[in-house]
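This briefing covers helix faces and nonpolar cores. Please look at the structure first.

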Amino acid sequence: MQTKDKILSREALRDRVERWRHEGVRITLANGGFDLLHVGHVRYLQGAKALGGKLVVAINSDESVRTLKGAGRPIMPAEERAEIVAALADVDAVVIFPELDVRAIIREIRPDIQAKGTDYTADSVPERDVVSEYGGRVEIVGDTKDHSTSEIIRSRLSPRKS
């Protein structure tokens with residue numbers, strides 16, 4: 001599948017998920033800002049895909065990233081972040097969402113699994129309540145939280161003082 005064919009509107013995502021479900025395929029949802037894609041993101045998405053089925057990635061809009069991360073973020077616009085994530089072989093679909101958390105997407109597509117990174121525990125996942133409502137499950141995947149875009153910006157991209 002071409003990268004551009006993986007980037008979907010909310011309506012197209014609902015249709016695609018419905019088709020996959022009709023085919024008996026499990027749906028896993030991962031989400032985040034994915035600003036300056038790094039190895040932690042790749043390992044998170046690989047871990048999510050390893051849970052089985054189709055991997056849907058929900059990417060925060062520019063405005064939601066700014067609200068969550070502050071002025072100067074995101075570094076890259078949502079459309080570019082979506083295209084980069086969609087280019088990864090493990091990713092089956094990408095959607096951009098404006099909300100501050102992914103609860104609305106979860107309610108719309110009801111993924112079998114909500115995959116979150118290791119900066120969470122199963123009990124601290126903000127969307128856990130919504131996933132539990134319909135019998136889905138939350139899984140923690142990826143490597144330890146040794147990588148972050150904020151840390152890369154702070155330590156590698158900010159001007160150094162002599």
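A nonpolar core is a set of buried Ala, Val, Leu, Ile, Met, Phe, Trp, Tyr and Cys residues joined through side-chain atoms within 4.5 Å; buried means under 20% relative accessible area, exposed over 50%, and partly exposed in between (1.4 Å probe, protein chains only). The model is predicted, so local features need pLDDT of at least 70 and side-chain atom pairs count only at pLDDT 80 or more, while totals for chains, interfaces and linings use all residues. Residues are numbered from 1 along each chain as its sequence is written, and side-chain values use heavy atoms, with hydrogens and water left out.

**Cores**
- The largest nonpolar core has 20 residues, and L13, L29, V56 and I109 touch the most other members.
- At least two residues of this core come from each of α2, β1, β2, β3, α6 and α7 (128-133); helices (H or I, at least four residues) and strands (E, at least two) are DSSP runs, numbered from the N terminus.
- A second, separate core of 17 residues includes F34, V85, V94 and A115.

**Helix α2**
- R10, L13, R16, V17 and W20 are buried in α2.
- These buried residues line one face of α2 because they fall within an arc of 120° seen down its axis, the arc being that of the directions from the helix axis to the C-beta atoms.
- Exposed residues E11, E18 and H22 sit on the face turned away from the buried side of α2.
- L13 is in contact (heavy atoms within 4.5 Å) with L8, V56, A93, V95 and I109, not counting residues up to four places away in sequence.
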